[in-house]
Amino acid sequence: MRAIIRSVVVAAALLSIYALQMGVELAFTEYVQRIILLAGINVILAVGLNLINGTTGQFSIGHAGFMAVGAYGAAFVGVKLAGPVHGALGTGGLADAVIFNLALLAGALFAGISGLIVGMPSLRLRGDYLAVVTLGFGEIIRILFNNASFLGSATGYFGDDPSGLPAYTNFFWVFAWVSAIVVLIHNLTFSQTGRSLAAIREDEVAAEAMATPTTRLKVTAFAISAATAGIAGGLFAHMQAGVRPEDFRFEKSIDMIVMIIVGGLGSISGAILGGIFVAVSLELMRDLQQYRLVLYALLLIVIMIVRPQGLLGTRELHHLLRRKKPARPSAPTESV
Amino acid sequence: MTQFLQQIINGLSLGSIYALIALGYTMVYGILKLINFAHGEVFMVGAYTGFYAASALGVAGFEAKNQNFPLYLAVLVLVIAMAAAALLGMAIEFLAYRPVRSAPRLTPLITAIGVSLFLQNAGMLLFSPNPQRYPAILSEVRFEMFGVIVTNIKLTIFAVALCLMLGLHLFVKKTWTGRAMRALSFNIDAAKLMGIDTNRVIRSTFAIGSGLAAAGGILFGLDQITINPLMGVLTGLKAFVAAVLGGIGSIPGAVVGGLLIGLAEQLTAGYLSPEYRDAITFLILILILLLKPEGLLGVVRVEKV
């Protein structure tokens, strides 16, 4: 019975997203639609990065590198799959959906594997080494893509078609992937594994003493986080017809860090708010481009000094709203 | 053989610059267990201070008349840059790191990233993002030894770095403040109980590390001819890798690590491909973290609760 209700709910949700998609396309200009898509991609990035930086308490500052791997991977696989899938399924929307989602999954796989390669040596040690290794990784991956001639070197990869990559990314798919990833990360965070991750954040030595396999969990969480960044990269690539190495500069990683710190390290709803905040504030500050990063940097420092846990801390918005008021203490009985 | 010797010479001079910067990382890490991400930017500010000091002292006039910039003025430029960077280092410590010193480890780390980012972008606004040609505070003289081209600049870099490192060694071993620094890196709480003013010692650690980075900045400008506001990012990272390679927290380790990274980079550029010169550093980092995470000269410390 539960399973039936669940599938009905999922089907209804998908239908309503589809209806929303129509509504969004009718109601908003392309400019606003683009901001909405970017906000969705940011939410995926923030929720994924939050798993490792917030929940597990390790610190990656090169997540743009994993996003780049996912973007290039998805773009490349999408282009290579287009021929065979169109041959088998025709050229309708179904074929496009199959190509797009397979490409995104391939991008996530590539990003996840590079997460494993980066995470395994650095996560055996204390968290701050990860910061340095990921920073180096983010730089190197950009140098590699800059020199990879089969991926278009510095001009970027736009597929074989002169009009660039097909614009598969729309509200429907972004929303579907955001929901899937938020649910996945939420369930992971509030599972037993999630508790272990939080234990690593709170006190790694104590967690290890409680027989928590700290290294294995850290590496797993890091690979999952990298894979979600890969999905975001794939969505991003198919939103703007191509990928360029310049899209994944260090600033991109900083944007992601601002997202999760503004919202609250370790809070999923905080990450969602932070992702939307950054997408909107990027647009509002468009004329202040050269001051943007100075402001972000000051914001980081001030938040760290004044409220290091961010807006929400590790709390979740829905927990705050749902929380019942504490039962009123009974009036003290006066002793006679 | 000559090419090999040539790469060794270039590698040693580049490596001594990395060593100067790595000292700052390792000293701060030794005491506060903090990766001072802003250190690369202090190096950049040092280079720019030297640039403006040299302009103010009229380096352009000497160049126009084809005269050498007098040596005492060149030394003055170095001293000004080191002093300015030392002030900057102390200001960063006081304004950004001290308020979060007792917070969980992640908080100072994020603060450091914030300071680094702030200085990079403030540098782009103040100094313009375009690369600047570094003034010739030392005019180049080339000469040949056994078929290897050596310039007086490479020799000066090596000599200045060596003198500064020797000075630091004597300072740490012989002075009261140096001994206090070693005490702090051994056990900061015990040092406090022994009546050491930890704030003062931490402040001087930042001042010394930043001054050395500024010297590195000027030498870097002389060596690489141009400077830009983002020069501290990659160079700072490489210097940090040098500190990890030598054993973070160990002063001789930073020197050895710096020289090794410089050599590895030049040999890669000379024999493999210049494109991989930046990648080799990170390969070394990953290898050292896998094989010997305490570094070449570091000591294993058991983490206690």
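Predicted model: local features only at pLDDT ≥ 70, side-chain atom pairs only at ≥ 80, totals over all residues.
Angles between axes under 35 degrees count as roughly parallel, over 145 as roughly antiparallel, 65 to 115 as roughly perpendicular, and the rest as oblique. Residues are numbered from 1 along each chain as its sequence is written, and chains are lettered from A, with ligands numbered from 1, in the order in which they are written.

**Entry: two helices of chain A**

I looked up helix H7 (residues 192-202) and helix H9 (residues 214-237) of chain A, which pack at an angle of about 105 degrees with their axes 10 Å apart. The axes are lines fitted to C-alpha atoms, for helices over the stretch in contact, and angles run from 0 to 180 degrees between N-to-C directions. H7(A) and H9(A) are therefore roughly perpendicular to each other. On the H7(A) side I found Thr193(A), Ser196(A), Leu197(A) and Ile200(A), which meet Thr214(A), Leu217(A), Lys218(A) and Ala221(A) in H9(A); a contact requires C-beta atoms, placed from the backbone, within 7 Å. The residues of this contact divide into four nonpolar, three polar and one charged, where Ala, Val, Leu, Ile, Met, Phe, Trp, Tyr, Cys and Pro count as nonpolar, Asp, Glu, Lys and Arg as charged, and the others, Gly among them, as polar.

**Entry: chain A as a whole**

I counted 13 helices and zero strands in chain A, helices (H or I, at least four residues) and strands (E, at least two) being DSSP runs numbered from the N terminus. Buried residues make up 48% of its 336 residues, a residue being buried if 20 or more other C-beta atoms lie within 10 Å of its own. Among contacts in chain A between residues at least 6 apart in sequence, 82% join residues at least 24 apart.

**Entry: where chain A touches chain B**

The contact takes 32 residues from chain A and 34 residues from chain B. I saw that several helices of chain A each supply at least two residues of its side, including H4 (93-122), H5 (127-147) and H12 (289-306). H5(A) gives the most, with eleven residues. The residues of the side of chain A divide into 25 nonpolar, five polar and two charged.

**Entry: a helix of chain B**

Last I checked H11(B), where 15 of the 21 residues are buried, so this helix is largely enclosed by the rest of the structure.

Terms used
Contact = placed C-beta atoms within 7 Å. Buried ≥ 20, exposed ≤ 12 C-beta atoms within 10 Å, placed from the backbone.
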